[in-house]
Amino acid sequence: MNDRKKEKLKKNLVKMELMDENDRILECILVNYRNKLMWKMGQWKRSWIYFTEKAIICPTGILDENIIIPYNSVRELGKCRQGLFPMGFVVTYEHPITKRQEKQQFSISKREKWLEFISQKTGVPTP
């Protein structure tokens, strides 16, 4: 993705108050995320995931809470499945507002690459 496209995306994320003006988008990719109706009963939904210098950002739409995971709040990384497909990963983190430990599941192609990327940003070892 070129820098002009990243700047346009950044302006939209800043306008939506999902991203800090001083942050920078490194990559974005199409992802499935598990909405949180109930941990095991949630549905997989499609969105974009933005890997920035400071956080993982996944806008979810009107009915779900947007997912913003600062790298400094990540406590654990794991692997999961989306149905039969072993292409998911789990991020355990401290929610920035409630301060509770939460888990978020994502399904993404090349999961090993993205787990390694997150591990480098957070210092948390990959599974």
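At 59% relative accessibility, R46 counts as exposed, where exposed denotes a relative accessible area over 50%, buried one under 20% and partly exposed the range in between (1.4 Å probe, protein chains only). The model is predicted, with local features requiring pLDDT of at least 70, side-chain atom pairs counted only at pLDDT 80 or more, and totals for chains, interfaces and linings drawn from all residues. Residues are numbered from 1 along each chain as its sequence is written, and side-chain values use heavy atoms, with hydrogens and water left out.

R46 belongs to strand β2, residues 44-52; helices (H or I, at least four residues) and strands (E, at least two) are DSSP runs numbered from the N terminus. With neighbours within four places in sequence set aside, R46 is in contact with L30, V31, N32 and Y33, a contact being heavy atoms within 4.5 Å. Its side chain also makes a polar contact with the side chain of N32, at 3.3 Å. A polar contact is a pair of N or O atoms within 3.5 Å; within protein, one atom must be able to donate a hydrogen and the other to accept it, and residues adjacent in sequence count only if both atoms are side-chain atoms. The C-alpha atoms of R46 and S107 lie 9.3 Å apart in space, while the two residues are 61 apart in sequence.

The chain as a whole contains 2 helices and 7 strands, arranged from the N terminus as α-β-β-β-β-β-β-β-α. For 127 residues, a compact globule would have a radius of gyration near 14 Å, and the 14 Å of the chain agrees with this; the radius is taken over C-alpha atoms, and the globule rule is 2.2 Å times the number of residues to the power 0.38. The C-alpha trace spans about 35 × 30 × 30 Å along its principal axes. Of the 127 residues, 47% are buried. Among contacts with a separation of 6 or more, 45% are accounted for by residues 24 or more positions apart.

The chain exposes about 7,900 Å², of which carbon and sulfur atoms supply 52%; accessible areas come from the Shrake-Rupley method with a 1.4 Å probe, and for residues only the protein chains shown count as cover. There are 24 positive and 15 negative side chains, and the centres of the two sets lie 6 Å apart.

Not counting residues up to four places away in sequence, G78 touches F89, V90, L115 and P127. The C-alpha atoms of G78 and V91, 13 residues apart along the chain, are separated by 6.6 Å. Beyond its neighbours within four places in sequence, H95 is in contact with E65, R100 and E102.

Positive phi values occur at two non-glycine loop residues. E17, in the loop between α1 (3-15) and β1 (25-34), has a phi near 60° and is exposed, with a relative accessible area of 71%. K110 lies in the loop between β7 and α2 (111-122); its phi is about 60°, a positive value although the residue is not a glycine, and at 62% relative accessibility K110 counts as exposed.

Conventions: Lys, Arg positive; Asp, Glu negative; His and termini not counted. Charge placed at Lys NZ, Arg CZ, Asp CG, Glu CD.
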